[in-house]
Structures are given as C-alpha cells and as structure tokens.
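This report goes through a two-chain model. The interface comes first, then one chain's fold and the confidence scores.

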Amino acid sequence: MQQTSDADIIQQAAAWMARMLADDVSAEDQQALLQWRMADTRHEMVWQKLQQVSNRFSALPNTVSSKTLLPSHGVNRRQLLQWASIGGLLAGTGWYGNQQQIPQRYLADYRTTTGEVRPVSLQDGSQLYLNTNTAIDVHFDAHERKIILHQGEILLSTGHETPRRVFFVETRFGRITALGTRFSVRQLDDRIRVAVQEGDVEIQPANANANLRIAAGEQLEFTATLIEQPTQASTNTAWRDGLLVAEHMRLADFTAELARYRRGLLTCDERVAELKISGVFSLTNTERALANLQRSLPVTVQYRTRYWARLMPSSP
Amino acid sequence: MPGVEPIAQQQSLETLYSDHHTWLVRWLRKRMNCSHHAADLAHDTYLRLLTTGNTPPVTESRRYLTRIASGLMIDLYRRRRVESAYLDSIRYLPEPEIPDTETRQLIIETLIEIDVMLDKLPTNVRRALLMRQLDGYSYREIAEHMQVSVSSVEKYVAQGLAACYLAVNGTST
C-alpha cells in the first residue's frame, strides 16, 4: 500500500539530510531520522541513494571552491569564455606604469573633500558622481574616454555616442572598461571594488594574465594580480543621495562606512562591533546619524574631542 | 523516443548526412561563431545518431538534428566554463598544492557532473548547497553571507539535494 508518493519520500529524505548538515543537529534529530529510515524500506532505499549523490561533493579535494560553479548567474556563456581567451595579450603592459608617481590627487581635474558628494556631467553625456574624498582626472580624445581614479569612489553612467569611443576607468591596480553601462568603482587600501548596476564591464588587472567580464547585479574586487570571482552586488549607491542604507550591517562595518564621511576619528568598541544595524542614515549630517544610532542600538557615542568619537556599549 | 515514427518512414544515415550536413554546419556556425567547432559538433551529432541507431522520419530531420546538436553545444559550453573556472581557481595556489594533470581531469569531470545536477536550480539554492558541501561553511555562516535566515539555508540545501537526487535517479525510488 503506497501512502506516500516517491516524490514525497525524496523530499523527506532531502529534508532529513539538510537537517543532518545543520549546525545544531541534536540526538533527537538523529534518533528521529533512524526511525524514519526504518519505517519503510523505500525510505531507506532513497536515503542510501541520496547519500551516494551527496558523496560526489565530498569526492572533491578541499582546494575546490564553490565559486568554481557559482559565477553562472547573470553571466552568460560568451562572457565566461572570456576567462580563458584574451588574457595573455594584456600581460605586463603596466597600465598604470606610465602615470607619474607624485601624489596626483592634488592636481586632479575633479575632487571632493571629506563628506562631499559631487555630480559631474561630461561632454559626451556621461554622468558621474564623486563620493567623499575622491580625486579623478578626465582625458577625452578622438579615440578614447579615460577616467583616472586617484582615490575614493565614483559612480558612472556612460553616455551613448556614435561612433563609440572606448570608455574606461584607470586605477592603480588595473583598468575597468565600460561596455555601455552604469557601475561604481571604489579604491580601497589594497584593491579595487567594482559593482555593476547596468550592462557589462570588463576588468583587466595591471599585472595579471586574466581579464573578466562582470554583468549587472554583480560586484567583485581585484588587485594588480588577482581577480575575485563576481558575487551578487551588495555595494550601495545611495551615497549619491547623501544616504547610507544599512541592511543587517555589522556595526563595525557601519562605523567604517560612516567614518569616510566624517572629519576626524570615528571608531567602534569591539564589544559592540558585531551588533547588527538596519536603517537609513544621513551622510550629510553624520552627527544626526550617530544620534539615531543611539536610539536603535544599546550604544553610546563617546566624544573625546569634537573630532574623536567612539561607539561604546551603553551602561545599563 | 518522441518523434520517431514507424520504420517505413525512416531514412538512412547516409541520406540524412548528404541532405543536411552542410546545413547543420551552417546552423551551428551561426550559433557558435566558430567554423572549426561547428564542423566538430556536426560530426559529433551524426556520431551520436550512429551510436544510438535512431534516425528521424524524413519530415523531422532538421528538428531532430538541431535538438541533438543543441544538446552537444550546451555540453561543450558547460565543459569549457567549468574547466576554465576551475583552472583559474587553482592558478594562484602554491605550487605543491596544484594537482597533477590526471587529478585535475578527474576533478573537472566531477565538477561537470555536479554542474549538470544543479542545472536550472535557483542561484540561492545552488549557492547554499555548494557553500555547505564544497566549502564546508556552517548554515549560520551561509545565512550571514546570503543575508537570509538560517532556516532558509536549511530549506535551500534540502531543495538542492532533492534536485541532485532527481537529476541522477529520476523520480523513481
């Protein structure tokens, strides 16, 4: 007598196995699984087969990362094939090598100070936003549109033109070529982060035999020699509107982000570093953002001086 | 096999080849942007027909050929994608940790098998299952990374495992 369908049994077996892979498997869980397996010979049969399927994963050495099988979302096959192809041609040309080594940010075409966000319209119709503490140069000629990012972060919407000149952003660690698109580029201490909102961009690290195309909804980080696999974009562009949107953000990360927009020092005590914060905060008035923070989390802002603030656990 | 009609309407592989080979190569070339691979895949398509011993009814020839060819094309792309992603991932490993050619080949084959099993699964399911099974992350870590609840991760993993089961065994127990 068949009360449960095969499909149901497969679902149940999968649910059991997922339970066994959980962080909090209890003795009761294991006991209950045993009972389920013994309740019906078909249960046991499916369980055995499911284990065989699952063993295929464990057959792989631990140098194999999930990322190998993950970039497929949002990246089409043609783009993935690029991984293997062009790369070599660009090796060692040292994109940034011919730039002068003096701190160019003081001579930059456009710059913003701490806390400032500035929109810039370019002659080809491209629109860009400079985030806090950013410096860029703009070089347009008959063949190319080049933006040099000296420091900080920019958000770009490239203009449409025919015939189309190549549009790219040059950074210390490599080049980002726009293929009709909206994306942001941020220079971090030791790497570049690129997040794509629309269209594709192509990444070419300065000293690596690799390039990679990433698509809308993805982001990645790269250095002069390494490209990380793309992940789902989480980089926030609300800064354009003077806002910081936090969704379940670690307080330590939140503090670091807010600190970019503030003069002086803003730090976070490690006892509250792991607290999670969600909400929309003003970047143009970080004092108010900090005041709001105290209302939603058990933290107190301690001012040593006006420019030295620290987030501490609030005393009970 | 759907589309295969009574024997009277069957045609020989020879006529299937002489009538449609050139057309099939052109069809493939248009989709693959490479005449070399197009010729190879057309060849493989006929080889597949030869080994299965099935030939389509005359009126269905091209539909039948393109169905096989499309399948082969997907396999080829999958292989290239998985292969290059894997080779890329080991590129920066320290020398002693880089597997030898034979081991690499085995790993790639296994990865392709897994990729086939995970075909068409939603990204969340795929990600949760792979992060648990390949990387060994805990549900809590995965939940944090994906910004979902721990119970969702468990649900995704279950969904992924069931899909793998079905991909390998079909619906039968």
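## Interface

In this predicted model, 9 residue pairs, both at pLDDT 80 or more, are in polar contact across the interface of chain A and chain B. A polar contact is a pair of N or O atoms within 3.5 Å; within protein, one must be able to donate a hydrogen and the other to accept it, and residues adjacent in sequence count only if both atoms are side-chain atoms. On chain A, the side touching chain B draws at least two residues from each of helix H1 (6–20), helix H3 (41–58), helix H4 (77–81) and strand E13 (243–250). H3(A) gives the most, with 9 residues. By class, this side of chain A has 24 nonpolar, 11 polar and 9 charged residues. Ala, Val, Leu, Ile, Met, Phe, Trp, Tyr, Cys and Pro count as nonpolar, Asp, Glu, Lys and Arg as charged, and the others, Gly among them, as polar.

Contact (heavy atoms within 4.5 Å) links 44 residues of chain A with 50 residues of chain B. The two chains bury about 4,600 Å² between them, 66% of it on carbon and sulfur atoms. Buried area is the accessible area (1.4 Å probe) lost by two parts on being put together, summed over both. There are 2 salt bridges between chain A and chain B. The rule asks for a side-chain nitrogen of Lys or Arg within 4 Å of a carboxyl oxygen of Asp or Glu. B:Glu154 and A:Arg19 form a salt bridge at 2.8 Å, N to O.

## Chain B fold

Chain B has 7 helices and 0 strands. Helices (H or I, at least four residues) and strands (E, at least two) are DSSP runs, numbered from the N terminus. Of its 173 residues, 44% count as buried. Buried means under 20% relative accessible area, exposed over 50%, partly exposed in between (1.4 Å probe, protein chains only). Among chain B contacts between residues at least 6 apart in sequence, 60% join residues at least 24 apart.

## A loop residue in chain A

A:Asp241 sits in the loop between strand E12 (231–232) and E13 of chain A. A:Asp241 counts as exposed because its relative accessibility is 53%.

## Confidence and conventions

The model scores ipTM 0.76 and pTM 0.46. Over residues 1–9 of chain B, pLDDT stays under 50.

Residues are numbered from 1 along each chain as its sequence is written, and chains are lettered from A and ligands numbered from 1 in the order in which they are written. Local features need pLDDT of at least 70, side-chain atom pairs count only at pLDDT 80 or more, and totals for chains, interfaces and linings use all residues, while side-chain values use heavy atoms, with hydrogens and water left out.

Conventions
pLDDT is the predictor's confidence in each residue, from 0 to 100.
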